[in-house]
Amino acid sequence: MRARLRRAVAPLRGNPHYLRFFVAGRINTFGSTMATGAVAFTVLACGAGAPGIATVMLAQMVATIVLTPILGTVADRLPRVTAMACAGGVVTVTLAVEAVLAASGRAAVWNLAVTAAVAAGAGALSGGAGAGVSRDLVPVRQLPAANALTKLTMYAIRMVGPPVGGAVVAGAGPAAGLGANAVLTGISVLVLRGVRVPPVRRARAGFAAETRQGWQAITTRTWLWSHTLAGAVLVPFWHLAFFILGPAHAAAHHGGAAAWGWITAAFAAGMAAGAAVSLLAEPRRAMWVACAGSSLLALPPVAFAVRAPLGGAMAAAAAGAGGLAMAMVAWRSAVQQQVPADLQGRVTNYTDTVQVAAAPGVYLLTGPLLAAAGATGTLLVCACVIAVAGLAPLLLRSVRCVRLVGDPDAVLSRPC
């Protein structure tokens, strides 16, 4: 066990630049949890109600879908830490603006939608750049451990941060939560600026050509495009089942917001547990783990559909989250090992965009689905779609063959 623990924390030992990158990320995560609900309560204070919250969320989602592919190419063309620091600076400013708007009473749906869209764009640039930093700083064999450590600590913070942030927002108002997020995001940028990443050799081919290269990197790898397409089906139905129908189910059958809080807390705990399993068990069959783990997200909607007691719903949420965490670690590690370093930002941003692109359309289907099948039927439809979409890529032999090993060249050259 001691040897396993040493391997688990190996990415952080004797690697000061990755340690600094890791700490900066955790500070940023804690800052974002401090603002839990702050924007929503700012919108409510404006008198805009739920439609206003939906408008702000829609602006954020549209900006993400439109800008993420473009900014993936930008992230691959710039020094990665510089791109992340610039994006973090933009987010810090937008959060500060939101805090001032909330404190001064000048917040409105339109200006909050604008700041949300700007922050989403900055997040897309930071995500694309950050996708390759671990690849650049951590030895290839340690990448699964690095990804698992990231997920484990991220969700451990998300178990603690929301109650703290909620208390801040409840006690001092939304402006305080937004201001705290701005301060912590700014601190994370200062920490990040000390990270030094080895330069990545890039073949310049023009912006449009480099954007196409990112897409070609996906379409020429069967395991990559098949799992991405599966995610494009799975993710929207998961959002519908858990984030839209879940709170309504908790209100109707478990007493309301407090029960939903317990279910989401169980989900966060499951994510942390799944990351811990990935960290200690070191599974190597990347796509088996990614596909099987994703399919476990069918468990919560099934529990909701059969009206399981609160404990059962919490257990289902934790199990589904555990599978999701293992899937995310395996998937991210496979991309880092098998995709060339200079394409990390483009491939990551393309796959992320494809997986959420259909979400608005599925959201629009919520009303017709509920009218046709009722809440129980809709939840069961979602569960079936999630399970089938999650497992479908395993029908392809080239997907089943992908493994995580120490030498990425061995993975790419192994006959399959």
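Glu210 counts as buried because its relative accessibility is 3%; buried means under 20% relative accessible area, exposed over 50%, and partly exposed in between (1.4 Å probe, protein chains only). This is a predicted model, in which local features need pLDDT of at least 70, side-chain atom pairs count only at pLDDT 80 or more, and totals for chains, interfaces and linings use all residues. Residues are numbered from 1 along each chain as its sequence is written, and side-chain values use heavy atoms, with hydrogens and water left out. Glu210 forms a salt bridge with Arg77. A search of the whole structure finds four salt bridges. Helix α17 has a kink of about 105 degrees.

**Salt bridges**

- A salt bridge here is a side-chain nitrogen of Lys or Arg within 4 Å of a carboxyl oxygen of Asp or Glu.
- Side chains of opposite charge can pair when their charged atoms come close.
- In the pair of Arg77 and Glu210, the closest N and O atoms are 2.9 Å apart.
- Arg77 lies in helix α4 and Glu210 in helix α9 (residues 207-219), so this pair ties together parts that are 133 residues apart in sequence.
- Helices are DSSP runs (H or I, at least four residues), numbered from the N terminus.
- Arg77 is partly exposed, with a relative accessible area of 28%.
- Arg346 and Asp76 meet through their side chains in a salt bridge of 2.8 Å, N to O.
- Arg346 lies in helix α15 (residues 344-357) and Asp76 in helix α4, so the pair ties together parts that are 270 residues apart in sequence.
- Both Arg346 and Asp76 are buried.
- Asp136 forms a salt bridge with Arg80, and their closest N and O atoms are 2.6 Å apart.
- Asp136 lies in helix α6 (residues 109-137) and Arg80 in helix α5 (residues 80-104), so the pair ties together parts that are 56 residues apart in sequence.
- Asp136 counts as buried at 17% relative accessibility, and Arg80 counts as buried at 3%.
- Salt bridges that share partners join Asp76, Arg80, Asp136 and Arg346 into one network.

- Helix α17 spans residues 366-391, 26 residues in total.
- Its end C-alpha atoms are only 24 Å apart, short of the 38 Å that a straight helix would reach at 1.5 Å a residue.
- That expected span is 1.5 Å times one less than the number of residues.
- The kink in α17 is centred on Gly374.
- The bend at a residue is the angle between axes fitted to the seven residues ending there and the seven starting there.
- The buried residues of α17 are Thr366, Thr378, Leu379, Cys382, Ala383, Ile386, Ala389 and Gly390.
- Their cover includes α10 (222-253), α12 (286-295), α13 (299-305) and α16 (359-364).

**Cys382 in α17**

- Cys382 is found in helix α17 and counts as buried at 0% relative accessibility.
- Contact means heavy atoms within 4.5 Å.
- Leaving out residues up to four places away in sequence, Cys382 touches Phe237, Leu240 and Ala241.
- Cys382 and Gly270 are 112 residues apart in sequence and 20 Å apart in space, C-alpha to C-alpha.

- Leu58, Val62, Val66, Leu67, Ile70 and Phe207 make a nonpolar surface patch of about 490 Å².
- Patches are made of residues with over 30% relative accessible area and no salt bridge; like charges are joined within 9 Å, and nonpolar side chains (Val, Leu, Ile, Met, Phe, Trp, Tyr) within 5 Å.
- Accessible areas come from the Shrake-Rupley method with a 1.4 Å probe; for residues, only the protein chains shown count as cover.
- Helix α4 (residues 49-77) gives the largest share of the patch, five residues.
- Leu58 lies in α4 and counts as partly exposed at 48% relative accessibility.

- Not counting residues up to four places away in sequence, Thr64 touches Pro69, Ala120 and Thr353.
- Thr92 is in helix α5 and is buried, with a relative accessible area of 19%.
- Leaving aside neighbours within four places in sequence, Thr92 is in contact with Ala182, Thr185, Gly186 and Val189.

Key: Helices (H or I, at least four residues) and strands (E, at least two) are DSSP runs, numbered from the N terminus.
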